[in-house]
Each structure stands twice: as structure tokens, then as C-alpha cells.
Amino acid sequence: MKFILSSFKLLKAVQSLSGVINSNNTLPILDDFLFNVSENELKITASDLETTMVITIQPDLVEGVGEVTIPARLLIDILKNFPDIPVSFNIDENTLAIEITTEEGRYKMVGHKSDEFPQIPVLEEQLKWEIPADVLVCGFEKTIFATGNDEIRPVMTGVFMEMTNNGLNFVATDAHKLVRYRRMDIKSDVLASFIVPKKPLNQLKNSLATKADEMVSVEFNKTNASFTISGLKLVCRLIDGRYPNYEAVIPKSNPNKLTIDRQLLLSAIRRVAIFSSKATHQIRFKIAGQELLLTAEDKDYYNEAKERLSCNYDGDDIEIGFNSRFFQEMLGNLNQSEILLEMSAPNRAGIITPIDNQNPDEDILMLLMPVMLN
């Protein structure tokens, strides 16, 4: 069995797959890539049992067909040190000896039998959506940062995808912050929902970024979901459980409305937050008239910072505390120049929405719970 292809082409493929492989695997075979060579294509697979990803590429030359698993780290290390040159792989089907040949060098390693490598899950009784790749990438980017890490509440460690009569929703929350990204231009006759873990979403986000103009076939059932696009397929186990009723926690009446330049506020929070408590990261918003006063202090070290900003404000004077790290994350994940911060009371959640959104089919809502003022 033999194939020849560009070293850069192969390196790009295996690096895209490498994020699937765990650093500490209980099964040694999971440290390998599965290479499946057919008449005119090469399929490379990585798996951690929960997530399986396959990339298909076309070699310049193929002789013979078969399967072998190749140690992932060793392969990536050697490919990273090649310039962009043709690389030949010769695989002995009996001994599984692998010889990598270039014009100047010859490198040998031993592969393993493919029998123990996990099979790609076959979805039964699946439903299907067709979604543009750029919509998925944007939905994942806007929400992944808001997911939780608490394994006691696993449903909050993933992104909730929900097709409704109003459009496609991407939702993430960790109980302190919540993000809902909605696309009204994505519709389907199949109204359904599921929760996707963070790891496969990060893999997808990175891999789909170069395929923005293509459509992704999303198939799913109660336990698994598959995302398929030209040359790429990812199958992952879904998070089992009922997602919280996120609409119920979004306050509907918020009479106090502050409008401000996003970058101006983000820069000010970054400066003031340096002086905040390392335990609470609390930053105080004091709004009166058309002025916002940001304050942070760390009493243990006698650190304190204050900064005044001009703003447009409609509402009663209010003093409210927020976690500065969460606030920075939210502002950093928006692209618009101005934001609207809506509040009702110091102990009720604040709502952040962009003002000058250029896409009328896009709706972004970010919710941040306040922290108790010292």
C-alpha cells in the first residue's frame, strides 16, 4: 500500500484532527490516526470515543488499498519539520512497517492494526438540518465562552442548539452569564433541540472557518449528532439532560437603559479591573445623569481605581456590581461599536445587546448576573 501527497496538505489535515486526541488515553489505539486508503482518496480519522472526526483528502498517487493506524504525535512532529515537498508513504500490510520517503531522507515507524480503532457511530432514526457553515461558526463563537465547567450540571457545559418557529437558537449559560444567539433566516420543518459538548464545537469552529460559503448537513438523534461538509465529518455524543428554561430568567421589564461605545467601555473596564479584588473581580457601576462611574478596589492590598465615562442614560440613578472578567468576555465577543445595557434593579440581571447590528436576521442577547456590592 502506497500513497504520495504534499507534506503541507497532510500536515494541515492531521493538525485539524489532533484536537480530538486526548493527552491521556486509556486505550493506546486512541493515540493514533486511522489511515484508510482507497482507490482515489485518503480518509484520516481521530477519535476519543466521544468524538470522532474524519478528513478526506486526495493524494497525488495511490497504489493499493487498506487501513493502518499511525502514531499521531510522531507523525505530526516529522511533518512539521518538512518544507512543502512531496512525501511518499509505503506501508507493509503484513508487518505494518511504515516508511516515509522524501528526495533527501527516509524515516521508518511502526503502525498498528486498525481492528481496535473505534468505529464511527451510525445514527439511526436521525433528523436532519441544512445550515450554512458561517452561521454555525458564528453561533459557536458567540456562545462557547459562556458555557460552564461544573460537571455536576453537565447540561450547562455545552451549547444548546434549538430550531424553533422563530429561527435557530444557540444558547450557553453557566448560571452567572447567559448568551442567546438567534438567526431568524435559518428555518427548518424539523423543530428539535440538543446539547453539544464544547470539545467537538471547538473542533468544528476551527475546521469550518475555511468553508464559510458551504452548507453543513447536521444529522442527529437522541444520543449523537453528525456534522458533514465537503471533506470533513464529525460525529459526537450529545449531552443527555433537559436544558434550563433560559427564556424564564431573561427579565422582560428593564426601565434603566444605558447606551455607550463598546470599545470605550471595554478599555475602561480592563484598566479599572486591574485594581479589583482577585477573589470577586467586582467592578461597581454608578450611573447618574449622563455619567458612568466605574470603581474597583482590593481592600487586602489597598488598591483602588475610579474612571468616569460619558454615556447616554435613561432611567433612575443606580449602583450595581458586575464581575469584570465576565463583562470583558461579553464585550469582547461583540463586534458592534455601541451597546445597550438594560437594568431594573441592583439585584437583577443586566442585559447587554448591540445597537448598530448590520444583520437584520441576527439577534444577540447577553445576560449577566450582578454581584453583591461590598
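## About the model

Residues are numbered from 1 along each chain as its sequence is written, and side-chain values use heavy atoms, with hydrogens and water left out. Since the model is predicted, local features need pLDDT of at least 70 and side-chain atom pairs count only at pLDDT 80 or more, while totals for chains, interfaces and linings use all residues.

## The chain as a whole

The protein chain has 7 helices and 26 strands. These elements are DSSP runs numbered from the N terminus, with helices being H or I runs of at least four residues and strands being E runs of at least two. Taken along the principal axes, the C-alpha atoms fill a box of roughly 80 × 50 × 40 Å.

Of the 374 residues in the chain, 53% are buried; buried means under 20% relative accessible area, exposed means over 50%, and partly exposed is in between, with a 1.4 Å probe and protein chains only. Contacts (heavy atoms within 4.5 Å) also tell us something about the fold. Among those between residues at least 6 apart in sequence, 67% join residues at least 24 apart.

Ile100 has Tyr107 in strand 9 as its bridge partner.

## The two largest pockets

A quick word on how pockets are found: on a 1 Å grid over the protein atoms alone, a pocket is an open set of points with protein on both sides within 12 Å along at least five of seven lines, whereas a cavity is a set where a 1.4 Å probe fits but cannot get out; lining residues have an atom within 4 Å of a point. The largest pocket holds about 350 Å³ of space. It is lined by 16 residues, and Lys12, Ser16, Ile55, Thr210 and Lys211 lie nearest its centre. Helix 1 (7–18), strand 4 (51–57) and helix 4 (198–208) each give two or more residues to this lining, and the largest share, 5 residues, comes from helix 1. By class, the lining has 4 nonpolar, 9 polar and 3 charged residues.

The second largest pocket holds about 300 Å³. Among its 15 lining residues, Ser193, Phe194, Asn221, Lys222 and Leu238 are the closest to its centre. Here the classes divide into 9 nonpolar, 3 polar and 3 charged. In both counts, Ala, Val, Leu, Ile, Met, Phe, Trp, Tyr, Cys and Pro are nonpolar, Asp, Glu, Lys and Arg are charged, and the others, Gly among them, are polar.

## Enclosed elements

Strand 14 (residues 193–197) gives the second largest pocket the largest share of its lining, 3 residues. This strand is largely enclosed by the rest of the structure, because 4 of its 5 residues are buried. Strand 14 is joined by 5 bridges to strand 11 (residues 158–164), and the two run antiparallel. Across that pairing, Glu162 stands opposite Ser193.

Helix 3 (residues 133–143) is also largely enclosed by the rest of the structure, because 9 of its 11 residues are buried. Among the buried ones are Val135, Leu136, Cys138, Phe140 and Lys142.

## Strand 24 and its partners

Strand 24 (residues 338–343) is mostly covered, with 5 of its 6 residues buried. It pairs with strand 18 (residues 256–261) over 6 bridges in the antiparallel sense, and Leu258 has Leu341 as its bridge partner there. Strand 24 also pairs with strand 25 (residues 350–354), again antiparallel, over 4 bridges. These two strands form a hairpin with 6 residues between them.

Pro354 lies in strand 25 and stands opposite Ile339. At 13% relative accessibility, Pro354 counts as buried. Leaving aside its neighbours within four places in sequence, Pro354 is in contact with Leu334, Gln336, Glu338, Ile339 and Ile364.

Methods. Points joined across faces, edges and corners; volume = space filled by probe spheres on them. Pairing = 2+ DSSP bridges.
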